[in-house]
Amino acid sequence: MASFTITLPTIFSSITSSSTHFLKSQTRIPFAFGSLRSPTPTLFNRKFTTLAVATRPSQPAAVSDSDDKTRIVLPTNESSSSLLRIRHTCAHVMAMAVQKLYPKAKVTIGPWIENGFYYDFDMEPLTDKDLKRIKKEMDRIISKNFPLVREEVSRDEAHRRILALNEPYKMEILEGIKEEPITIYHIGEEWWDLCAGPHVESTGNINRNAVELESIAGAYWRGDERKPMLQRIYGTAWENEEQLKAYLHFKEEAKRRDHRRLGQDLDLFSIQENAGGGLVFWHPKGAIVRHIIEDFWKKIHIERGYDLLYTPHVAKADLWKISGHLDFYKENMYDQMSIEDELYQLRPMNCPYHILVYKRKPHSYRDFPIRVAELGTVYRYELSGSLHGLFRVRGFTQDDAHIFCLDDQIKDEIRGVLDLTEETLSQFGFDKYEINLSTRPEKSVGDDDIWEKATSALKDALDDKGWSYQIDDGGGAFYGPKIDVKIEDALGRKWQCSTIQVDFNLPQRFDVTYVDSNSEKKRPIMIHRAVLGSLERFFGVLIEHYAGDFPLWLSPIQARILPVSDVQLEYCKDVTDKLKKYGIRAEVCHGERLPKLIRNAEKQKIPLMAVVGAKEIETQTVTVRSRFGGELGTMPVDDLISRIKLAIENPTSL
């Protein structure tokens, strides 16, 4: 476990009409690189605050009260078998409570999940008020200290009992259970359900003060929109009250960082229902951030020997038949369109296009490796209920790349991708990863020797890199082994971004070949890889990682020039024009009293404010304050430009 302590600067609260006095803060910080930077995002209060944060690889950081610097590390289902048992039992206790209060409710499934549990019910719609009633009944059941009793019965006996209860969903679940005997768990003699366990010994082992019902949501039975809509109740459960308190604190912080709210507040993006769900509109400020990301992405790929591509958004449906998408991915693809008696398809993937570019001419073994990359927009059908801000959309842009190489080049190419991944992600402040290496599944294509060679190459590249990783045995795609990289954000949450996949399938389907040194046709190795994943999702992660407080180099507006009165407006415009001339994203704001202009800049999370009064015009200067560094003093405009440019040129130090 690693822990760290963060001290936050003061947000100034008193303002006067004098620009110099206004920009005073409790602590004067010398102007330097660090003064312009965005600190690691964390809780933000209007006073000096010290936060103790503890992190572990498998669990979001729990943020405690700062006064005693107590560090609370939240356990996970994987790290604590007792916690998993508590959560599983809480799901049963909740289902029992619901059926006690609502006898007509039918139960379905109730698993434990990452931070708690849920249960789906076929019943009347519930409200938040109902959750309080259910929790009160759960507390009563817990206090009764009912034993959890495991029973094994025959399939016929289970069928008879379910029939007697008139539980159609249980009957369907029973039909899906292949093993025998059938196991049942009882809560005392009050209630039972089909279940494989595990559970605590009795309900009294649950700390009722460490359990909370969180929300209600709709969920289709079996996730099928053609089946009944159920009521899903989510709950969280922990070993003690301190853990629950830390989790709720973490949850509030996550809510504060929610990219959907910040996207609106900061005017970064929107999803316009008039245009359709899951389709992202990048507003000017968000588009600037995307432009910066794309420019950096293109620059680093060109430096690393990739050729950039642009390919169409649609293609003949036959292309997707050859690739296999129409057979294996059709439910995620949009309907085909007829154009001049031929069927066309919006692309769900970029891979076939890159193969067509490869196949435009014959290749020799001397040509390899061949690396191509594209910021390619794809379209995938998602159920409306699964759409979620920028994280789950129907149209998104992948930072897609494909490498064609020889067998003995796999290791070096994978190592090159790992290096590029590290350099790219660190640029945006991510330096903690969870790595998974997924190996050959039961059903797969490709010969044993090539699977073994590719898997060994992935392992060797990771070992050379010095990255620790976990083996997901049999978790690879049917077409090849893969490496998945999850990044850890400021709250310790894991986000799947980067993936590297070896593909033996598409080269075969498209008959991709090259001529070897003996003038014989051979099939090259094809590697799929993405570093950021999708730009939309990565942008959402960035918003939440930084809580909207982007570092200076990435901020859509880097400096806002504020006149004390409209008398200084002309000079402010001249300063802004000069900053823009040097590539600094600056704007003038006026029309309000200075205190309100300052507050607005704070709300919009502008990194730098330059206030101009009569004295600044007289001395041809500006009085600058960093959002994170406090007062930076009065300085000539040229000095401000030099220091901003220095900070922008070294973004990894921000």
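## Basis of the model

The model is predicted: local features need pLDDT of at least 70, side-chain atom pairs count only at pLDDT 80 or more, and totals for chains, interfaces and linings use all residues. Residues are numbered from 1 along each chain as its sequence is written, and side-chain values use heavy atoms, with hydrogens and water left out.

Helices (H or I, at least four residues) and strands (E, at least two) are DSSP runs, numbered from the N terminus.

## The three-stranded sheet

Strands S7, S8 and S9 form an open sheet in that order, with antiparallel pairing. Two strands pair if DSSP finds at least two bridges between them. The edge strands are S7 (148-153) and S9 (191-194), and each pairs on one side only. From one strand to the next, the twist averages 25°. Angles run from 0 to 180 degrees between N-to-C directions, and axes are lines fitted to C-alpha atoms, for helices over the stretch in contact.

Six bridges link S7 and S8 (residues 182-187) in the antiparallel sense. Glu 152 stands opposite Thr 183 in S8. Helix H2 (residues 81-101) packs on the sheet and touches S7, S8 and S9. Contact means heavy atoms within 4.5 Å. The direction of H2 makes about 125° with that of S9. Helix H5 (residues 168-176) also packs on the sheet, touching S8 and S9. The direction of H5 makes about 40° with that of S9.

## Buried residues of H5

Which residues of H5 are buried? They are Tyr 169, Lys 170, Met 171, Ile 173 and Leu 174. Buried means under 20% relative accessible area, exposed over 50%, and partly exposed in between (1.4 Å probe, protein chains only). Their cover includes strand S4 (106-107), strand S6 (116-122), helix H4 (155-165), S8, S9 and strand S11 (229-237).

## The five-stranded sheet

A second open sheet has five strands in the order S28-S27-S29-S30-S31, and its pairing is mixed. S28 (586-588) and S31 (630-636) stand at the edges with a single partner strand each, so one side of each has no neighbour in the sheet. The twist averages 25° from one strand to the next.

S27 (residues 559-563) and S28 run parallel, joined by three bridges. Ile 561 has Val 588 in S28 as its bridge partner. Helix H19 (residues 637-649) lies across S29 (608-612), S30 (621-626) and S31. H19 runs at about 125° to S31.

## A helix pair

The axes of H8 (residues 284-303) and H12 (residues 410-427) come within 11 Å and cross at roughly 155°. H8 and H12 are therefore roughly antiparallel (over 145 degrees; under 35 is roughly parallel, 65 to 115 roughly perpendicular, the rest oblique). Their crossing is right-handed, meaning the near helix is turned clockwise from the far one by less than a right angle.

Phe 296, Ile 300 and His 301 in H8 meet Leu 420, Glu 423, Thr 424 and Gln 427 in H12.

The peptide bond from Gly 197 to Pro 198 is cis, with omega near 0°. Pro 198 is in the loop between S9 and strand S10 (211-220). Another cis peptide bond joins Phe 368 and Pro 369, with omega about 0°. Pro 369 sits in the loop between helix H11 (351-358) and strand S18 (370-379).

Glu 340 is not a glycine, yet its phi is positive, about 50°. Glu 340 lies between strand S16 (337-339) and strand S17 (342-346), in the loop. Glu 340 counts as exposed, at 76% relative accessibility. Ser 519, also a residue other than glycine, has a positive phi near 65°. At 64% relative accessibility, Ser 519 counts as exposed.
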